[in-house]
Amino acid sequence: MTTPPQPAPRQVRAGQVLRNPKAWYFPGGVVALLALLLSLLYLGGVADPTGNLHRLPIGLVNADRGATVAGHPENLGAQLTSGVAAAPDPKEQVSWRVLDQAGAQEGLASGKLDGVLEVPDGFTAAVAALGSTGAQPPARPTVNALTNPGVGSLASSLASSITQQAAHQASLQLGGELTAAAPGGQSSATRLLLADPITVSVQVGHPIGSHSGLGLTAFYYTLLLVLSGFLGANVISNGVDVGLGYADSELGPWHSRRPVVPIDRTQTLITKWGMSLGLAVVTTTLIMVGGIAIVGIDASHLPLLWVYSFCATAAVGLGVQTINAAFGGIGQLVSMFVFVAVALPSSGATIPLQALPTVYRWFAEFEPMRQLSDGTRAILYFDARADAGLLRAWIAIAIATVLALAVGLAVTHYYDRRGLHRLVPKFA
């Protein structure tokens, strides 16, 4: 007796799927949550840099050696700098660092200072000459606002604005004293000069190259390293899974699945790690060729920059592979938050850390983008000085690499020991 042929199952239409609420629960919930979290992360960090400003490091230098005024020795530069340092700052927006000229230059050259307010030698004598009468009007006393573009355009701009404002306030205070002590009968021009005597000369304290993107090439270079490690690891992870038969391969309308290769999770992860290291050699070289040889960004210490770039990219790649192995299907989402979504706004590369909300400064203590961008900035702008952030970056890379290897091996070995295989194929 023959079995009658069974009718083919009825094809499901797209409208039926779209009308099913269960089809919307997971993707809708995940995408909605991502939209909210990303808007809070990115916009929350840039909304009010001035309002969030906390202890921006600025140097304060008195190079004035004083002069004899009305028979008495005076040092108005010392009075000005002490007045600026002691000025009320209830929100602690500025961290004034009282230094000598050598210390200020050291702070600028290492990126530890975002700017400097300097009172030059001869300041007291210039102030004393304001009330003199002569054929030529006296030169106005000058203070110098030194910028540091290597720390980033916004950080340097904030420091410059603060130093100029502080100098203006000091000028008005000094002008009040000069006006009160001035004899009568002076011209209106002289009275105006005495009321606001100080002029501010804005100068570059630590220059960087003209092809440095106003201090932003370090950030974008670091972003390339992180994205290369992140995207490369995910492409490798998917490619290895397809090659080993643990994931489907789809190219346009063609779909295939290879025979399953009997390999455990630990060996699969080691394979992906090895490929990430190999790919880091390629991407590091091409980033330098594209950015330095073709685009022409300013860069020095090229061998060191290549080694550093390779290690940074490799550390990111190893970390992403470990997260993917530990979390499975949602691993790419988790690693995206760790290496990109949270890392970017807390990097301190575009908005200085001192101008970020407190929670971002906390993220910056361990998020990779901040550590890596500091190291890149040290190599590109600060002569590869260890104290400019390069040492901290090397330590962060070493810690991240060790953690990725240790956690990856521990998790995959645990899964294998518990028999939590990705598939349970029947081998011949």
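**Close-up 1. Tyr308 is buried, at 0% relative accessibility, and pairs with Trp394 in this predicted model.** The Tyr308–Trp394 pair is edge-to-face. The ring centres lie 5.4 Å apart, with 90° between the planes. Tyr308 belongs to helix 11 (residues 302-327), and Trp394 to helix 15 (residues 390-417). The pair therefore ties together parts that are 86 residues apart in sequence. Trp394 is partly exposed, with a relative accessible area of 28%.

**Close-up 2. Phe219 and Tyr220 form an edge-to-face pair.** A pair of aromatic rings is described by the distance of the centres and the angle of the planes. The structure holds eight aromatic pairs. For Phe219 and Tyr220, the centres are 4.9 Å apart and the planes stand at 70°, so the pair counts as edge-to-face. Planes over 60 degrees apart meet that cut-off. Phe219 is buried, at 10% relative accessible area. Tyr220 is partly exposed, at 48%.

**Close-up 3. Trp362, Phe363 and Phe366 form an aromatic cluster.** Ring pairs link these residues.

**Close-up 4. Helix 4 has a buried face and a capped N-terminal end.** Helix 4 covers residues 76-86. Its buried residues are Leu76, Gly77, Leu80, Thr81 and Val84. Seen down the helix axis, they fall within an arc of 135°, so they line one face of helix 4. Asn75 caps the N-terminal end. A side-chain oxygen of Asn75 lies 3.2 Å from the backbone nitrogen of Gly77. Gly77 is also among the buried residues of the helix.

Close-up 5. Rolling a probe the size of a water molecule over the atoms shows where empty space is left. The structure holds one cavity of 30 Å³ or more. About 50 Å³ of space lies in the largest cavity. Helix 9 gives the largest share, five residues.

**Close-up 6. The lining of the largest cavity has no charged residues.** By class, five lining residues are nonpolar and seven are polar. The lining includes Ser228, Gly229, Gly232, Ala233 and Ile236. Ser276, Leu279, Ala280 and Thr283 also line the cavity. So do Thr313, Ala314 and Gly317.

Methods:
Residues numbered from 1 in each chain as written. Predicted model: local features only at pLDDT ≥ 70, side-chain atom pairs only at ≥ 80, totals over all residues. Heavy atoms only, no water. Buried < 20%, exposed > 50% of the residue type's maximum accessible area, 1.4 Å probe, protein only. Helix = DSSP H or I, 4+ residues; strand = E, 2+ residues; numbered from the N terminus. Arc of directions from axis to C-beta. Polar contact = N/O pair within 3.5 Å; in protein donor to acceptor, adjacent residues only side chain to side chain. Phe/Tyr/Trp six-rings, centres within 6.5 Å; stacked < 30°, edge-to-face > 60°. 1 Å grid on protein atoms, 1.4 Å probe; cavity = no way out; pocket = protein on both sides within 12 Å on 5 of 7 lines; lining within 4 Å. Points joined across faces, edges and corners; volume = space filled by probe spheres on them. Nonpolar A, V, L, I, M, F, W, Y, C, P; charged D, E, K, R; others polar.
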